[in-house]
Amino acid sequence: MELDRSRILGGVAVVAVVGTITLYWTRSRDDVQPSLPIPGESQRIQVEVLNATNIDGLARATTRRLRHAGIDVVYYGTSTDTALASTLILVRRGDSSFVGRIREVLGTGRVVLEPDPNLLLDASVVLGIDLLTPHPDH
C-alpha cells in the first residue's frame, strides 16, 4: 500500500512539473511571437512598381519613395510596356479609395480599374515618362 501511495504522489509531482513547464513555455512564446495579421484586415496598401521607361533605376527610386510614405511595395521591376507616356495605377482588388494616397506620393498617375485577384496586390504602378516632370503642387 505504501508503495502505491509513493507512486501516485510521484506521478502527481511529474504531472505538476510538466504542466508548469508547459504553461511557462506557451506564455513565453506568446510574448515573443508577434500576432500575424489576418489577410484583408490590414489598412496597408500593397503594390508592385513596374518601370515602363528607359530610365534605369526609376522603379527602385519610386519604390523607396512609396515605402517611405508607408506603402508596401512587394515587387519592383521592368514592365513589358515600353516608353509609356503617363504613369498608370492599375487597381487590382478591392475599392480604389487608396489610389489617392499613391497619387499624392507620386504627384501623378492615371487610374485604371483592372482587377486581377491572382496578383494578390491592391495595385500595379506602371511608371511613365510623366513621373520625371516636376508637378506644380510638389
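This is a predicted model: local features need pLDDT of at least 70, side-chain atom pairs count only at pLDDT 80 or more; totals for chains, interfaces and linings use all residues.
View 1. Contact here means heavy atoms within 4.5 Å. Axes are lines fitted to C-alpha atoms, for helices over the stretch in contact, with angles from 0 to 180 degrees between N-to-C directions. Helices (H or I, at least four residues) and strands (E, at least two) are DSSP runs, numbered from the N terminus. Local features need pLDDT of at least 70, and side-chain atom pairs count only at pLDDT 80 or more, while totals for chains, interfaces and linings use all residues. Residues are numbered from 1 along each chain as its sequence is written, and side-chain values use heavy atoms, leaving out hydrogens and water.

**View 2. Five strands form an open sheet.** Their order is β2-β1-β5-β3-β4, with mixed pairing; two strands pair if DSSP finds at least two bridges between them. At the edges are β2 (72–78) and β4 (110–113), each pairing on one side only. On average, neighbouring strands of this sheet are turned by 20° against each other, direction ignored.

**View 3. Strands β3 and β5 run antiparallel.** Look for the four bridges that join β3 (residues 88–91) to β5 (residues 123–127). Ile 89 stands opposite Val 125 in β5.

**View 4. Helices α2 and α3 pack together.** Helix α2 (residues 58–68) meets α3 at an angle of about 120°, with axes 10 Å apart. Thr 62, Arg 65 and Leu 66 in α2 meet Ile 102, Val 105 and Leu 106 in α3.

**View 5. Arg 92 and Glu 114 form a salt bridge.** Their closest N and O atoms are 3.2 Å apart; the rule asks for a side-chain nitrogen of Lys or Arg within 4 Å of a carboxyl oxygen of Asp or Glu. Arg 92 lies in the loop between β3 and α3 and Glu 114 in the loop between β4 and β5, so the pair ties together parts 22 residues apart in sequence.
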